[in-house]
Amino acid sequence: MQFHLNGYRTGDPAVLAPSRPPGAQPGSDKLPDQVDVLIVGCGPAGLTLASQLAAFPDIATRIVDQKPGPLQLGQADGIACRTMEMFQAFGFSERVLKEAYWVNETCFWEPGDDGTIKRSGRIQDTEAGLSEFPHVILNQARVHDFFLDVMRNGPAGLEPDYGRVLLDVSIAQPAGSNGLAAEPCFPVTAKLRRVEGPEAGQVETVRTRYLVGCDGARSAVRKAIGRELHGDSANQAWGVMDVLAVTDFPDIRFKAAIHSAQDGSVLVIPREGGYLVRLYIELDKLQANERVAQRNITVDRLIAAAQRILRPYTLDVKEVAWWSVYEIGQRLCDRFDDVPDNDTSGRLPCVFIAGDAGHTHSPKAGQGMNVSMQDGFNLGWKLASVIRGQAVPAILHTYSAERQAIAQELIDFDRTFARMFSATPRRAGVSDTEGVDPAEFQRYFAQQGRFTAGTATTYLPSLISAEPTHQALARSFVVGTRFHSMPVVRLADGRPMELGHAATADGRWRLYIFSDATDPGNRLSRLWHLCTHLAEDAGSPVVRFTPATSDVDAVFDVRVVLQQDHRTASISDLPALLAPRKGRLNLVDYEKVFCTDSRNGDIFNMRAIDRSLGCIVVVRPDQYIANIVPLDAVEELGRFFAGFMEHGGIQRSS
Ligand SMILES: Cc1cc2nc3c(=O)[nH]c(=O)nc-3n(C[C@H](O)[C@H](O)[C@H](O)COP(=O)(O)OP(=O)(O)OC[C@H]3O[C@@H](n4cnc5c(N)ncnc54)[C@H](O)[C@@H]3O)c2cc1C
C-alpha cells in the first residue's frame, strides 16, 4: 500500500474521503437534481459499481435503495476465488480471509444399501494453482459492509441514499438522426419516492447521464427499458436455512452434497465462525405457474426434511439464524442496456442493468453474488473512463456484449448443475433407472471447477480486447481472461509479493513489461528502447493519453518484471519511467519493478513467457488481459489504445 505521496498525513491511510463536518449524514440529504451516475439497488452489483466510482471524486454518483438500511443477514454466501482477487483490488481481501469459512474440500454422499446415506467421495474444492486465493463462504451482509467502507473511505466519499423506491424512468431520445452529436447530456430522468422518515411520500426527480439498475430479479429499471427475463419457469421448491445445530454427521464442517435414496438432497455449507451451517434442502415439485409462497412452507418443515435426508445421522437444531424458500429457474435478459437490438451502431447506451436484474438462476452453485459483482466491476471503470473523457463512449457497448455472454454461460451451467442435483440418484449397477449417477455428478462438479471459481471467464475480441495475435509470447496469460497473479520479489526493497496485488481498483490500465534476457541496465536493450518510447514519443499511449498535469502513471501503470535475481539488479540502472517522480513533492515511486521469485515458482516458467523475447501484457482496469504485444511493437501498442482512448481526459469539473 502506498501513501504520503503528497505530504505526510496522520491517521488511517485507507481513508481518502474528504472530511465532513461533525454530524453530517451524506446519505440522508435530498437527492441532487442532476448526477453523472444513478445506481438503483444496494445489493452486490450496485455496491461494487459504487465502490469503483467512489475512486473518482470528479464523478457525481448516487446509489439508492428502497430498504431502510444495509442488509443485516441472509441471502448469498459463496465467494469464488476470482471474486477474492477483485476484493484484493478493492483492499479488503484480508478482512474476508480472516472472517470467512475456507472451502478446502468437498464431500459427496450417496444412498447406501440400507436406505441411509454413505460418503462416496471427497475432492479438493479448488484445483491447485488456480488462484492465490481460496474459495470462501461469508454472509452477503458482511460483503456489503466491506464495500460500504470502500465507498465511504474512497476519494468520493459515497454513502447510499436508503428509503427511496424507483417509480419511473424516462429517456430523452437523441435529437439528431445519427444520434451521437446530439446526445443530450443528462438523457435519463428518474422519479423516486421516499418511503422512510418524515419525508415519506415525497417524490424526488433526478436527471442523470447514466442510470444503472442493480435492483434485483424484479428490476424496475429493466421493465422501464422494455426488457424481460426469458427462460424456464421454476418448478422445483428449495429451502435454505442458516442454523446452529448439534449433529453426529461427520462432514458437517465440509461442504457436502448429499443425495438420499427417497427423501431428496441437501447441500451442506459450513459457515464463518466455526458453528453456523447453511443447509440447502430440496422440497416439492411445483405445478406449472405455482409459486413457492403458495405452499406456506414453514421452517419446521425444512428441519424435518433435512433430518430425513441425513439419516442415520441426527440433526438437533438449536437456533435458526435465517431461512427462506425459493423456486429454481434459469432466466436471462437478451441485452443489459437500453440500446435497441437493431440500432447498436447508432445509439449509445445510457441505461444498464446488472446482477440479478439481468440473470437469475439457482443459488446452490454459489454464483449469483459473484457474477453480479463482476457485472458491477466490468461496468464501473468503463463508465468512469467515458465520463472523465478518457475513452470513447462506444466502449459502453462492450458491457452488455461481455456480461450477457457470461450470464448465458452461467445459465447453461446452472441448468445442468441444478438438474443433476435434483435428480434421483441412479443405483450402482442398475442401468434402466432414470436419474443421475452420483459419481457423474461428482465428475461434473470437478470439471466445472474453473467456471465456479470464476476464472474461466474469457472476453472475446472487441474495441478494448485484442485478437490474441501474439499469444505465443506468454501462453498462460490468455488474452481475454483475468490476469493470473504470481509471486515475485519487488526490486527496491526485496519484498516477496503477488504481482497482481500491486494493482488496485483505481480505473488505471496496467502495462506489465516482461523483460527479455538482456541485462536490464543495457541502454541498447529492448527494455530501454520501450521505456524511452513510452515516456517520450508522441505516439506512445502514455504520452498521448496522460494529461500533462497528471502523474506519468495516472492513466497507464507501467510495471516491469525482470528475469534477473533481485540481488543482481539495481533500480538505479533502469530507465527513469520505472522509478517515476510523482506527486506534489516530486517523490520517487520505487514500486514499479519486480524480479522473479525462484522460491515460489519462476513467473516466466509458470506463465510460459518467452524468455528470449519477453512481451508486454496489457491489463484492463478490471484485471482482464486486453492484449499481448512484443517488446518492440510500440506502434501496435499505440494503435490498440488509439482505437478507443481520448486525448485530454481526466480534468473535468463535476
Ligand atoms: C431473499 C433472497 C434470498 C437469496 N438467497 C440466496 C442464497 O441462499 N444463496 C445464493 O447464492 N443466493 C441467494 N440469493 C441471490 C443473491 O443474493 C443474488 O444473486 C445477489 O444478491 C444478486 O445481487 P444484485 O445486486 O443483483 O441484487 P440484489 O441483491 O437482489 O439487490 C437488489 C437491491 O435493489 C433494491 N431494489 C429493488 N427494487 C428497487 C426499487 N424499485 N427501488 C429501489 N431499490 C430497489 C433491493 O432492495 C435490493 O437491495 C438470494 C436473494 C434473495 C433476494
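The model is predicted, with local features requiring pLDDT of at least 70, side-chain atom pairs counting only at pLDDT 80 or more, and totals for chains, interfaces and linings using all residues. Residues are numbered from 1 along each chain as its sequence is written, and side-chain values use heavy atoms, with hydrogens and water left out.

Trainee: Which strands stand at the edges of the open sheet?
Mentor: Three strands form this antiparallel sheet in the order β12-β18-β20; strands are DSSP runs of E of at least two residues, numbered from the N terminus, and two of them pair if DSSP finds at least two bridges between them. Two strands have a single partner each, so one side of each is left without a neighbour in the sheet: β12 (229-231) and β20 (359-360).

Trainee: Which residue in β18 stands opposite histidine 230?
Mentor: β12 and β18 (residues 331-333) pair in the antiparallel sense over three bridges. Opposite histidine 230 stands leucine 332.

Trainee: What is the centre-to-centre distance in the aromatic pair of phenylalanine 90 and phenylalanine 147?
Mentor: Rings of Phe, Tyr and Trp (its six-membered ring) pair if their centres lie within 6.5 Å; planes under 30 degrees apart count as stacked, over 60 as edge-to-face and the rest as tilted. The planes of phenylalanine 90 and phenylalanine 147 stand at 80 degrees, an edge-to-face pair, and the centres are separated by 5.5 Å.

Trainee: Is phenylalanine 92 buried or exposed?
Mentor: Buried means under 20% relative accessible area, exposed over 50%, partly exposed in between (1.4 Å probe, protein chains only). Like phenylalanine 147, phenylalanine 92 is buried.

Note on methods:
Helices (H or I, at least four residues) and strands (E, at least two) are DSSP runs, numbered from the N terminus.
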